[in-house]
Amino acid sequence: MDFLRPTTWEEALAAKADRPDAVPIQGGTDVMVEINMDVRRPAALLDLNQVAELREWAMVGGMCRVGAAVPYARIIEELGGPLQGLAQAARTVGSPQIRNRGSVGGNLGAASPAGDSHPPLLAAGAVVEAESRERGVRMIPADEFYLGVKRSALEPDELIRAVHVRPATGPQYFSKVGTRNAMVIAVCSFAIALHPRERRVGTGIGSAAPTPRRAFDAEDLLARELDWNAPLDPALTRRFGELCARAAAPIDDVRGTAAYRVHAIGVLARRTLAWAWNDHLGRRAA
């Protein structure tokens with residue numbers, strides 16, 4: 001196995017162009033587990049940990065641009081205000097050691113349906129910034145990024161440079177079900193983001209389909225029927241949960257059955273909507 005270690009972004013793009021079979025590694029929290037468990041044996045590893053710019057974030061054009069290697073710990077500490085849902089999800093990732101090493105860019109690159117960052121990115125309408133040496137930068141909406149189990153829209157010579165997320169304009173929540181209380185892969189997860197200025201709600205479902213996905217019918221329901229100045233209608237909340245559950249397409253595995261996941265998504269959807277809505281009305285009253 002070859003080990004490539006660029007120190008600049010330009011060197012990283014050149015290495016990936018010359019060796020499209022090289023697997024990028026940042027925190028290594030997914031890739032190294034697969035190698036250690038002999039799940040795969042890549043021909044080359046492309047270590048991006050020395051590329052300093054990937055560890056930075058900034059506000060660009062009204063969006064929060066988060067470098068692909070910004071660790072979960074910094075998202076929690078520095079971006080809990082503008083990226084509420086993503087920070088909540090980051091708090092549930094692994095142990096402190098994993099949160100210090102793992103990153104949203106690595107989570108996107110792995111494209112696992114169970115990745116904790118995917119639902120809040122979908123709910124917030126995030127955009128993935130990818131780049132190749134030959135074709136330059138490509139901006140990929142999060143809901144077009146996931147193509148299948150651990151398959152993404154990235155081309156073989158592309159690398160993830162950053163993710164762009166608009167700062168929250170309303171409450172955002174993330175919740176997940178696991179087989180224990182900490183350091184657990186999600187049995188299923190759900191994220192919600194209220195966008196009061198646009199009078200719409202974003203959703204994200206994790207670990208309950210071949211890819212992370214939005215519940216489009218549930219979003220459309222709230223766009224049509226939600227009264228942004230009134231308490232939440234219990235009947236509307238139930239219908240929202242039912243449509244979110246219907247959007248799921250899970251499987252049975254060692255962590256849970258498909259039937260349980262469908263039920264749990266409905267429960268998580270109702271709860272997170274209620275939490276977000278209570279915050280929304282509280283902010284209006286303040």
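This briefing describes the cores, the sheet, several helices and a few individual residues of one structure. The model is a predicted one, in which local features need pLDDT of at least 70 and side-chain atom pairs count only at pLDDT 80 or more, whereas totals for chains, interfaces and linings use all residues. Residues are numbered from 1 along each chain as its sequence is written, and side-chain values use heavy atoms, with hydrogens and water left out. Helices (H or I, at least four residues) and strands (E, at least two) are DSSP runs, numbered from the N terminus.

**Nonpolar cores**

- A nonpolar core is a set of buried Ala, Val, Leu, Ile, Met, Phe, Trp, Tyr and Cys residues joined through side-chain atoms within 4.5 Å; buried means under 20% relative accessible area, exposed over 50%, and partly exposed in between, with a 1.4 Å probe and protein chains only.
- The largest nonpolar core has 41 residues, and those that touch the most other members are Ile75, Val104, Leu108, Leu121 and Val163.
- Not counting residues up to four places away in sequence, Leu121 touches Leu86, Val104, Leu108, Ala126, Ala142, Tyr146, Val163 and Val165, where contact means heavy atoms within 4.5 Å.
- Another core, of 30 residues, lies apart from the largest one, and Val201, Ala215, Leu221 and Leu273 are among its residues.

**The open sheet**

- Strands of a sheet pair through backbone hydrogen bonds, either parallel or antiparallel.
- Here 5 strands form an open sheet with antiparallel pairing, in the order S4-S5-S10-S6-S7; two strands are taken to pair if DSSP finds at least two bridges between them.
- Strand S4 (57–60) and strand S7 (136–141) are the edge strands, each of which pairs on one side only, and the twist from one strand to the next averages 25 degrees.
- The antiparallel pairing of S4 with strand S5 (residues 63–67) runs over 4 bridges, and within S5 it is Met63 that stands opposite Val60.
- S4 and S5 form a hairpin with 2 residues between them, and Gly61 in the turn has a positive phi of about 60 degrees.

**His164 in the sheet**

- His164 lies in strand S10 and counts as buried because its relative accessible area is 10%.
- The side chain of His164 makes a polar contact with the side chain of Glu129, at 2.7 Å; a polar contact is a pair of N or O atoms within 3.5 Å, and within protein one must be able to donate a hydrogen and the other to accept it, while residues adjacent in sequence count only if both atoms are side-chain atoms.
- Leaving aside neighbours within four places in sequence, His164 is in contact with Met63, Cys64, Arg65, Ala126, Val127, Glu129 and Met139.

**Ala15 in helix H1**

- Ala15 has its place in helix H1, and with a relative accessible area of 15% it is buried.
- Apart from neighbours within four places in sequence, Ala15 is in contact with Leu4 and Leu46.
- The C-alpha atoms of Ala15 and Arg5, which are 10 residues apart along the chain, are separated by 8.8 Å.

- Helix H4 (residues 84–91) is mostly covered, with 6 of its 8 residues buried, namely Gln84, Gly85, Leu86, Ala87, Ala89 and Ala90.
- The cover over the buried residues of H4 includes helix H3 (72–78), helix H5 (96–101), H6, H7, strand S11 (172–177) and H11.
- In H10, the buried residues are Leu236, Thr237, Phe240, Gly241, Leu243, Cys244, Ala245 and Ala247, and what covers them includes S12, S13, helix H9 (216–225) and helix H11 (258–285).
- Asp233 caps the N-terminal end of H10, with a side-chain oxygen 3.0 Å from the backbone nitrogen of Ala235.

- Ala111, although it is not a glycine, has a positive phi of about 55 degrees; Ala111 lies in the loop between helix H6 (104–110) and helix H7 (118–124) and is buried, with a relative accessible area of 1%.
- Arg199, a residue other than glycine, has a positive phi near 55 degrees; Arg199 is placed in the loop between strand S12 (188–195) and strand S13 (200–206) and, at 41% relative accessibility, counts as partly exposed.

Conventions
Axes are lines fitted to C-alpha atoms, for helices over the stretch in contact, and angles run from 0 to 180 degrees between N-to-C directions.
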